[in-house]
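Please keep the structure in view while reading.

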Amino acid sequence: MAHRLLLYAAAALAVLLIAAAPLLAYDVPDKIVIERPANYEKLNSWVTKVNFTHGAHAIRVSCDQCHHKESDKTLGKFVPCTQCHKSDDPTDESGFYRAWHSDGPPSCLGCHTLMRSKGGKNPVGCTSACHKPR
């Protein structure tokens, strides 16, 4: 009887470790700072860096929702947004500004607006959500 209980406990531990392995494989930062690259023209003087609660978002949204161009080769490594979102032209659909402010997911504003339209309490205002006033 004791051997069977020990066997079940060992099997349960193995399943738990296997299930947790993908989470342990990535170093998921709790917070990150998002700043417009230094050589990009500022759109507004009041726009500040964004202290993004990455950990809180990571437990609610799957990684590929935001890291939509990640692959098995890049997932878990830091790939700067500017690797793909290079332009500082706010009208460029694939530019740095639009990555955060387009009408729908995966942009921050688009996702928050969508969640709010479904009855969520997601903040959507510039200074109430991302850009804290100076």
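Accessible areas come from the Shrake-Rupley method with a 1.4 Å probe. By this method, the protein chain exposes about 10400 Å², and carbon and sulfur atoms supply 62% of that area. The model is a predicted one.

**Confidence and overall fold**

The mean pLDDT of the protein chain is 79, and 76% of its residues reach 70 or more. Among the elements, helix 1 (residues 2-25) has the lowest mean pLDDT, at 59. The highest mean, 91, belongs to helix 5 (residues 108-117). Where pLDDT is low, the predicted coordinates should not be read in detail.

The secondary structure consists of six helices and two strands. Along the sequence these elements follow the pattern α-β-β-α-α-α-α-α. Of the 134 residues of the protein chain, 15% count as buried. Among contacts with a separation of 6 or more, 42% involve residues 24 or more positions apart.

**The aromatic cluster**

How many aromatic pairs does a search of the whole structure find? The search finds two. A pair of aromatic rings is described by the distance of the centres and the angle of the planes. The table gives both values for each pair.

| Aromatic pair | Centre to centre | Angle between planes | Geometry |
|---|---|---|---|
| Y40 and F96 | 5.8 Å | 85 degrees | edge-to-face |
| F96 and W100 | 5.9 Å | 75 degrees | edge-to-face |

What does the pair of Y40 and F96 tie together? Y40 lies in the loop between strand 1 (32-34) and strand 2 (50-52), whereas F96 lies in helix 4 (residues 96-101), so the pair ties together parts that are 56 residues apart in sequence. In the other pair, F96 and W100 are four residues apart in helix 4 and are therefore separated by about one helical turn.

Y40, F96 and W100 form one aromatic cluster. Are its members buried or exposed? A residue counts as buried when its relative accessible area is under 20%. Y40 has a relative accessible area of 13% and is therefore buried. F96, at 8%, also counts as buried, and so does W100, at 18%.

The peptide bond that joins P105 and P106 is cis, with omega of about 15 degrees. Most peptide bonds are trans. P106 is placed in the loop between helix 4 and helix 5.

H112 is located in helix 5. With a relative accessible area of 19%, H112 is buried. Which residues does H112 touch, not counting those up to four places away in sequence? H112 touches H57, N122, P123 and V124.

**The cysteines**

A search of the whole structure finds zero disulfides. C84 is in no disulfide, and the nearest cysteine sulfur, that of C81, is 8.8 Å away.

Partly exposed residues have values between the buried limit of 20% and the exposed limit of 50%. C84 therefore counts as partly exposed, at 45% relative accessibility. C126 is partly exposed as well, with a relative accessible area of 47%.

Note on methods: Residues numbered from 1 in each chain as written. Predicted model: local features only at pLDDT ≥ 70, side-chain atom pairs only at ≥ 80, totals over all residues. Heavy atoms only, no water. pLDDT = per-residue confidence, 0-100. Buried < 20%, exposed > 50% of the residue type's maximum accessible area, 1.4 Å probe, protein only. Contact = heavy atoms within 4.5 Å. Phe/Tyr/Trp six-rings, centres within 6.5 Å; stacked < 30°, edge-to-face > 60°. Disulfide = S-S within 2.5 Å.
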